[in-house]
Amino acid sequence: GNKKFRMSMTAVYGTGLPTGAPQTGRENATFRLSSYKRVDIGFSAKLLQQKFQKKSTNTRNLWINLEIYNILGVNNTVSYLWLTVVPSNINPDFNASSQYAIPNRLSSRRINLKLIFSF
């Protein structure tokens, strides 16, 4: 019931999508992204609320916010960079279809502190 404090929370879950190497067709998309899990939380506190005049609706506010992104610290993979091994005369055992998936991961846990002054 105290209007000087606020808390917000966001939780996101996404199932893994099928994927595959580029230029291989939909039927060869046998690789699967891992599921996406993320929880963000934020806290706000009003430090100052001051009216300009007694009958005015304009106010001067000062807020401080603390936000914690990816509070669980999950290493979410958003996509893959595909590395293709090209055959050469030095090592003829590799064929042109040798491709390896390298994960592109999103940022880990981040903390954001901000001060908001409005007038």
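This is a predicted model: local features need pLDDT of at least 70, side-chain atom pairs count only at pLDDT 80 or more; totals for chains, interfaces and linings use all residues.
**Exercise 1.** In which strand is Asn61 found? Decide also whether Asn61 is buried or exposed.

*Solution.* Residues are numbered from 1 along each chain as its sequence is written, and side-chain values use heavy atoms, with hydrogens and water left out.

Step 1: Asn61 is found in strand E5, residues 59–69. Strands (E, at least two residues) are DSSP runs, numbered from the N terminus.

Step 2: Asn61 counts as buried because its relative accessibility is 14%. Buried means under 20% relative accessible area, exposed over 50%, partly exposed in between (1.4 Å probe, protein chains only).

Step 3: Leaving aside neighbours within four places in sequence, Asn61 is in contact (heavy atoms within 4.5 Å) with Lys46, Leu48, Gln49, Ile116, Phe117 and Ser118.

**Exercise 2.** Where does Asn70 lie, and how many residues apart in sequence are Asn70 and Ser108?

*Solution.* Step 1: Asn70 lies in the loop between E5 and strand E6 (77–84).

Step 1: Asn70 and Ser108 are 38 residues apart in sequence, and their C-alpha atoms are 6.4 Å apart in space.

Step 2: With a relative accessibility of 1%, Asn70 counts as buried.

**Exercise 3.** Is Met7 buried or exposed?

*Solution.* Step 1: Met7 has its place in strand E1.

Step 1: Met7 has a relative accessible area of 52%, so Met7 is exposed.

Terms used. Helices (H or I, at least four residues) and strands (E, at least two) are DSSP runs, numbered from the N terminus.
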